[in-house]
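Subject: Structure handover

Hello,

Here is the structure I promised to pass on. Please open it beside this message and read along.

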Amino acid sequence: MITLDGLTKVFPAPDGGDPVVALDGIDLHVEPGRIHGIVGRSGAGKSTLIRCLTGLEKPTRGRVEVGGTDIASLEGAALRAARRNIGMVFQHANLLDSRTAAQNIGHPLEIAGASRAQREQRVAELVELVGLQGRERNHPAQLSGGQIQRVGIARGLAAEPKVLLCDEPTSALDPSTTRQILRLIRDLRERLGITVVIITHEMSVVREICDDVTLLENGRITQSGSLLEVAADPHGPLSAELIPLPPVPTGIDATVINCDYGDSETLRTSEDLVRLAEQHAAEATIVAGTIETIGGRQVGRVQLALRPIGAEAASGIGREQLAQLLGELEDRGVVAREVVA
Amino acid sequence: MSEWLSNPVFTTWGSNTSLWSNALITLYMTFATMAFTVLVGVPLGLLLFETERSRTPWVRWVNRVVGFVVNVGRSFPFIILIIALMPVTRVIVGRVTGPNAAIFALTVAAVPFLARLIEINLREIPAGKIEAVQMMGASRAQLIRQVLLPEALPGIVGSITTTTIATIGYTAMAGVVGGKGLGDLANRMGYQSYDNVVMVATVVLLIAIVIGVQALGSQIARVVDHRARS
């Protein structure tokens, strides 16, 4: 549905310095009907990417294809027509204060030249779709943050676009409203089969609704794949963000190891790890950990405290035993290492 | 007291010295000036705003030239402007004296003033809202009609009110070209004839007109303003 091919955007230097490379050879493919998250720190190039996708910015090099149309090559009326295939949802919704909720939702149709009757019918459908019944005549100033974003989403969907681009759609919302809005976006994908691209810096958003995720750093893609692949790859930069490392525990008189699992075929749960550790003449206890179930599969980082069997308050296990255990974990695809407090 | 009541300034109607006729002339000059000023000043403000954002070199030049003309127009002391404009006024209005000649000079003075205020009003619209509508595939004309003007409307109403009140003040100087009106009356019958009663009466009437215009403008701005009150 979306294909980026070597997308590069260089901005001329602001005052005589080096030109700024905002995007540097981005290759990305988004399949129809997927929810694709694009994450990265501010300045990573997320905003420039969105502006290139909607043709507000012309790429320096490379191709931008949305729904089979090469956006970058279009100008004038053809570009305006292509933009109608892309619905946008913004962090602050960017509704017009001079329009009511219904008028804001119907705005893309008005621009496309739909008749008043068509518009009214479609707006009524959309109001129901996003759950805004009874608020149609309110101006944005009379709506809550969550309601405003519902209007924003309905407006994004009004012209029946193939792609919904969401730029930090929940970053200005409180946690419970965020959950409602994310549930709405997922619902809409199920019901309409629309392709969704979500730009965000919140890992919780990625965990909650994305099928695929791409990490952008300094204008380049540093990791990209399905959420499971990315989360389960303990070497990748995103797994640590998606499944944060537990803090180093204090006051434990034992050998402590960190284990990242999710990639392993034989060790699929934290209990499997404990069982394996206990085969190495040790008592193993989970002292800290983060466990997520993504796509029906457990992915986690846990910390195990290891003590010799039978020793009441003795300290850690022997070096030899530890080396054996770490070796065996490594063989089975678990990334493990000793934590030195 | 009885002297005031028999003063022709207060008792006559239709004469050069009548307070009431001159009040009407002031109102006529003000509102006719504002009709022309809105017609020219709002599009000029839009032009200033739209050409400023452009990346095309010749459009940027249009912006610089229009900006310069507006600045020159705003720098002229009004009394000088009236006199300097006389040859042009003769061509356009047909004569250089009277209220209609004054309306021309007043419009030339008010248009650049309003245009700058409109430009400021348009700049206050958050850029994200304009881009959001651009991303929907809006043309420039749609953007102006559906976003710029309606979103800036409360501010535009305020700018028109401010310009109207400035114009009322300028009408006083229109007496120089025989424009008549309240300011001229205060000058001729009040100041130059040492008639304090007439002078105070005209000033009080001017104050009442200004307060009325401001109240009306504020009320309209309130009705069209749907932004959150903060």
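This is a predicted model: local features need pLDDT of at least 70, side-chain atom pairs count only at pLDDT 80 or more; totals for chains, interfaces and linings use all residues.

**Chain A**

Chain A is assigned two domains: domain 1 covers 2-240 and domain 2 covers 245-339. Their centres, taken over C-alpha atoms, are separated by 41 Å. The two domains do touch. Eight residues of domain 1 of chain A are in contact with ten residues of domain 2 of chain A. On the domain 1 side, helix H9 (residues 227-232) of chain A gives the largest share, with four residues. That side of domain 1 of chain A has six nonpolar residues, two charged and no polar ones.

There is also a record to set beside this. UniProt, in an unreviewed entry, lists residues 2-243 of chain A as "domain: ABC transporter". In the model, residues 2-243 of chain A are 38% helix and 26% strand. The end C-alpha atoms of that span lie 28 Å apart.

**Where A meets B**

How many residues of chain A are in contact with chain B? The count is 18 residues of chain A, against 18 residues of chain B. On the chain A side, the elements that give two or more residues are helix H2 (76-83) and helix H4 (107-112). By class, the residues on that side of chain A are eight nonpolar, six polar and four charged.

**Chain B**

The unreviewed UniProt entry annotates several stretches of chain B as "transmembrane region", including 20-49 and 92-115. I looked at those two. Residues 20-49 of chain B are 100% helix and 0% strand, with end C-alpha atoms 42 Å apart. Residues 92-115 of chain B are 79% helix and 0% strand, and here the end C-alpha atoms lie 22 Å apart.

Next, a helix pair. Helix H3 (residues 19-52) of chain B and helix H7 (residues 99-123) of chain B have axes that come within 6 Å. Those axes cross at roughly 40°. Are the two roughly parallel or oblique? An angle under 35 degrees would count as roughly parallel. H3(B) and H7(B) are therefore oblique to each other. The crossing of H3(B) past H7(B) is right-handed. Their contact holds 21 nonpolar, five polar and two charged residues.

Over to you.

Best wishes

Technical notes. Residues are numbered from 1 along each chain as its sequence is written. Chains are lettered from A and ligands numbered from 1 in the order in which they are written. Two residues are in contact if their C-beta atoms, placed from the backbone, lie within 7 Å. Ala, Val, Leu, Ile, Met, Phe, Trp, Tyr, Cys and Pro count as nonpolar, Asp, Glu, Lys and Arg as charged, and the others, Gly among them, as polar. Domain bounds come from an automatic or database domain assignment. UniProt positions are given in the numbering used here, feature names are shortened, and annotations may be inferred rather than shown by experiment. Axes are lines fitted to C-alpha atoms, for helices over the stretch in contact, and angles run from 0 to 180 degrees between N-to-C directions. Angles under 35 degrees count as roughly parallel, over 145 as roughly antiparallel, 65 to 115 as roughly perpendicular and the rest as oblique. A crossing is left-handed if the near helix is turned anticlockwise from the far one by less than a right angle, and right-handed if clockwise.
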